[in-house]
Amino acid sequence: MNWLTGWQKKIGIKVKKLFKKQTSYKETSDWKNCPQCKKISYKPDLFSNSYICECSFHFDLPPKLRLDSLFDSEYEIIEAPDNIDPDPLNFEVKDGARAGYKYIDKIKKYRKITGQNTALLCALGKISNLNAAVVCFNPKFGAGRFGPAENEHFLKATNFAIEKKVDIWVVIYQSSGIDVHTGVTGLYGMSKSIIAMNEIKKAKIPTFAVGARATAGGTYASSFFMHDFIIIESKCVENLLFSGKRVTANILKGTDQIPDDFGRADGVMKSGLADITLENRKELKDTVTKLANIILKKEKSIPESLEESHESSKDFRKTASITS
């Protein structure tokens with residue numbers, strides 16, 4: 001080994017350590033850079049504004065904060081089943097550039113970062129005095145993967161909702177789709193989630209899908225469109241689609257041009273694939289409450305602000321009856 005090779009190795013070690021240190025700093029930093037307006041925001045300020053930038057860009061909202069903002073007060077967490085193997089294929093790379101890679105190690109990392117056993121955080125509680133079951137995908141857990149563990153967690157939440165006879169079922173979608181590392185066992189999740197949604201419908205429970213940022217693949221192609229209402233939480237939501245623009249363009253092979261609004265909130269609305277786009281996520285609780293009250297005909301629970309928009313409460317009840 002000559003002196004140049006020795007220095008290269010030393011420099012390489014220093015650079016790696018530097019990059020590692022910078023990455024660690026970025027994760028623990030109290031500042032976030034907005035990809036839309038490029039402004040750097042102080043995290044406590046974002047926290048107080050539901051993780052919404054001054055330019056209206058919506059950062060990913062941690063699932064725990066979502067539950068806190070939706071439920072009236074305390075709520076019951078539906079724990080994930082502990083007997084499900086998240087890595088049934090024991091996925092491992094034995095040679096090549098990624099030799100020694102084990103997927104179970106990544107699962108352990110996701111669990112440590114999020115404090116969750118699956119990519120879902122599920123809970124039971126009250127939303128404006130309505131009994132509700134809420135399922136939140138966590139994008140920090142494998143980009144909101146939907147694997148065997150998530151499948152069973154989703155089914156467990158469904159069973160709880162039916163047993164408790166909840167008034168509404170809400171799912172906050174932010175998922176990259178079926179976990180490809182789990183093969184066919186992961187793909188089962190598409191049919192399982194559809195069956196679960198059918199059971200919810202048989203119980204006559206109104207359902208709400210909330211598109212929050214990216215929702216793609218098998219998750220998008222299965223339970224997402226099974227809901228009574230599909231709500232997009234803000235105008236800046238993107239990647240509500242089965243596959244990305246580049247992949248879709250390759251499939252079409254130049255026969256059709258991919259529109260600029262493909263997968264964006266405005267494009268999804270224009271295509272008739274969603275019912276409503278909110279100005280921001282702060283409107284979600286009130287919107288779900290109003291729609292649920294109309295469907296369930298809970299006249300006593302109708303918000304006063306909604307009644308005031310009609311000349312009399314009788315007119316409102318008549319309108320609600322016709323709508324439902």
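The model is predicted: local features need pLDDT of at least 70 and side-chain atom pairs count only at pLDDT 80 or more, while totals for chains, interfaces and linings use all residues. Residues are numbered from 1 along each chain as its sequence is written, and side-chain values use heavy atoms, with hydrogens and water left out.

**Whole chain**

Start with the cartoon view. The protein has 12 helices and 13 strands; these are DSSP runs numbered from the N terminus (helices H or I, at least four residues; strands E, at least two). Of the 324 residues, 41% are buried (buried is under 20% relative accessible area, exposed over 50%, partly exposed in between, with a 1.4 Å probe and protein chains only). Among contacts (heavy atoms within 4.5 Å) with a separation of 6 or more, 68% join residues 24 or more positions apart.

**Largest pocket**

Elements giving two or more residues to the lining are helix 1 (3–28), strand 1 (31–33), helix 3 (63–70), strand 3 (76–78), helix 4 (103–114) and strand 6 (120–127). Helix 4 gives the largest share, 4 residues. Coloured by type, the lining divides into 17 nonpolar, 10 polar and 10 charged residues (Ala, Val, Leu, Ile, Met, Phe, Trp, Tyr, Cys and Pro are nonpolar; Asp, Glu, Lys and Arg are charged; the others, Gly among them, are polar).

**Helix 4**

Next, select residues 103–114. At 1.5 Å a residue, the 12 residues of helix 4 should span 16 Å, and the end C-alpha atoms are 17 Å apart, which agrees (the expected span is 1.5 Å times one less than the number of residues). Tyr103, Ile107 and Tyr110 are buried. They lie on the same side of helix 4, because they cover an arc of only 60° around the axis (taken from the directions from the helix axis to the C-beta atoms). The buried residues pack against strand 5 (101–102) and strand 8. On the face turned away from the buried side are the exposed residues Lys108, Lys109, Lys112 and Ile113. Gly115 follows helix 4 and has a positive phi, near 75°.

**Helix 6**

Move to residues 183–202. The 20 residues of helix 6 should span 28 Å at 1.5 Å a residue; the end C-alpha atoms are 30 Å apart, which agrees. Gly186, Gly189, Ser193, Ala196, Met197 and Ile200 are buried. Their cover includes strand 8 (145–146), helix 5 (148–163), strand 9 (168–173), strand 10 (177–178) and strand 11 (207–211). Just after helix 6, Lys204 takes a positive phi of about 60°.

Zoom in on Gly189, which has a relative accessible area of 0%. Not counting residues up to four places away in sequence, Gly189 touches Phe146 and Asn151. A distance drawn from its C-alpha atom to that of Asp179, 10 residues apart along the chain, gives 9.6 Å.

**Ser223**

Finish at Ser223, in the loop between helix 7 (217–220) and strand 12 (229–232). Ser223 counts as buried, at 2% relative accessibility. Leaving aside neighbours within four places in sequence, Ser223 is in contact with Tyr173, Ser193, Ile194 and Met197.
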